[in-house]
Amino acid sequence: MKHFFIIFSLVLLAIGALTFYLIPVLWQPEPVYVFRLGVGAGIFSILFVLAVLIQIVLAARDWGAEQSTRKVVRERDESHRQFLRRLDHELKNPLTGLQATLTNLREAESDEEIQQGVENATQAANRLGHILGDLRKLSELEYQMLEHRPVDIEQLVSEMVSAACCLPAHRGRNVKLLVSKVPVLPSVLGDRDMLGLAFYNLIDNALKFTTFDDAIEVRVREDGRSLFIEVADSGAGIPPQEQGRIFEDLYRGENAQEIEGSGLGLPLVRRIVILHGGEISLRSDPAQGRGTIFSIRLPAERKG
Amino acid sequence: MKDRPTLLLADDDATIITALTPFLERAGFHVLTATNGKDALEKTQSHRPDMIVLDVLMPRMDGREVLRRLRHAGLQTPTILLTQVGDALERALALEEGADDYLNKPFESHELLARIRAVLRRSQSGQASLSTTWRLAAHDLTIDRRARRATLNGQVLDLSPKAFAVLEYLITHPDEVISRERLLQLVWGWEYPAGTRTVDTRMFELRKALGDDPSDPTFIETQAGEGYCFIAPVRMLP
């Protein structure tokens, strides 16, 4: 850029000088010397100012681009740091439990204490395994090829509803599955297991973050171009200030602190949906006490 | 075979070695240990163990390289690779280097023991080479593991990658009952919420493609409450 400016200035100087000598040739009768000098210098300075302006604009643009790159890098660094901080926190909890349990085991005096210790240790180990498993799923999503085959969404959703209700923690809970009455629901092209995981995580979340008496509904409908899968609950809802953040990796809302989870469930759902060309949105108004609705839109498979 | 088979356990993590060694000894093995790849290679050559459990990520020489060199040197010692990453590529690589089986970390000690016993049983019956052969056939079915393709009567089967992986594992472990949990861990690599039902879905797809009737199967038999078993005789193709 600097060279450009020097060369450009020299070229302008040459044009100015040329003008000075060309004026008597092109301009008859020949004007006076001072006039020739004035026109030559005038053209030179006009072009020179122009060049300076261009140079300033270009430099400013470079500076702006650099600033925004820096900002992106800074933001990425920040989110990376935040991720590590949260990960550190999430891993430390079960580890602390495990260490405490080991101390108890070392000092245990009765079989009962030993049995309790083994149980606690197993639980902490499972929790660590769960977090690592989710981290792995997230990283696999970035690198692994997703399958690209027709998926029967109705069948998959109902499979996931019964899988979630099977968990001992959710025994007796009722999840209503509503499928809109169309002759044949179109299928979605994609990865059956990954989509299943996304539906499961939403249903499991709804079960975890509501009380026994809350109702949960899973609705499947279509509008010709897309399929909509909604998971609605009548629970306490999500505070507005948290709604934008719950899709962040390892983010745990205020209400979520005491509920078991890796903090990676929703980010996984979001990534899976995006990789399938879809969208996820959420509506929740805790002030009105109307619960939460997560809605996934997936493009329907085009026939023919 | 000796009364107490000798097993070489190679892992650079001391806690894994100290926890597994007494467990495997209780289970009736004589256990040798190595904490890096070079050590593992040397101990295999000098002690000729009956079986190796080899971690992939190790200092000085990784598990793959150890295995490659052993096979190059003509040593066919049955080997289980302990992998960290569960993706299909990683597994295909493990097979290319001649591992007889693989297990994703973290695993249950009993799971490892079951694998060790299965691999030893297979190696004694001379079937170990199936898991290191690229092209296999059973009746009219052929599978090409490198091309990830299966044909039936010359027709290429339309199988999802996961269904193919299930078929691949079953056909390389014939006459062995493979539990749904085992398939889930092998093919998916991570715990899956709908669990073993997912395996059944793929099995349904696979059977449909093979035209196999579950009540009178030619290829894959369901053993109620236990898992699946590949029952057709398997041949190795050049």
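## Close-up views of a two-chain predicted model

**View 1. Chain A, and how much of it is tucked away.** Buried residues account for 25% of the 304 residues in chain A. Keep in mind that everything here comes from a predicted model. Along the principal axes, the C-alpha trace of chain A spans about 115 × 65 × 40 Å. If you take the contacts in chain A with a separation of 6 or more, 68% of them are between residues 24 or more positions apart.

**View 2. The two domains of chain A.** Where they touch, 11 residues come from domain 1 of chain A and 10 residues from domain 2 of chain A. On the domain 1 side, the elements giving two or more residues are α2 (33-107) and α3 (111-143) of chain A. The biggest giver on that side is α3(A), with 7 residues. Sort the residues of the domain 1 side by type and you get 6 nonpolar, 1 polar and 4 charged.

**View 3. The largest nonpolar core.** This core has 71 residues, and the ones touching the most other members are M160(A), A198(A), F199(A), I203(A) and V166(B). Its largest share, 10 residues, comes from helix α5 (residues 192-208) of chain A. Now zoom in on A198(A): which residues does it contact, once its neighbours within four places in sequence are left aside? They are V269(A), I272(A), V273(A) and I296(A). Apart from this core lies another one, of 27 residues, including A10(B), A34(B), L70(B) and Y102(B).

**View 4. Chain B by itself.** Here you can pick out 8 helices and 12 strands. The radius of gyration of chain B is 18 Å, close to the 18 Å the globule rule gives for 238 residues, so chain B is as compact as a globular protein of that length. Its C-alpha atoms fill a box of roughly 50 × 40 × 35 Å along the principal axes. Buried residues make up 38% of the 238 residues in chain B. Among its contacts between residues at least 6 apart in sequence, 58% join residues at least 24 apart.

Definitions and conventions
Residues numbered from 1 in each chain as written. Chains lettered and ligands numbered in written order. Predicted model: local features only at pLDDT ≥ 70, side-chain atom pairs only at ≥ 80, totals over all residues. Core = buried A, V, L, I, M, F, W, Y, C linked by C-beta atoms within 7 Å. Buried ≥ 20, exposed ≤ 12 C-beta atoms within 10 Å, placed from the backbone. Helix = DSSP H or I, 4+ residues; strand = E, 2+ residues; numbered from the N terminus. Contact = placed C-beta atoms within 7 Å. Rg over C-alpha atoms; globule rule 2.2 N^0.38 Å. Nonpolar A, V, L, I, M, F, W, Y, C, P; charged D, E, K, R; others polar.
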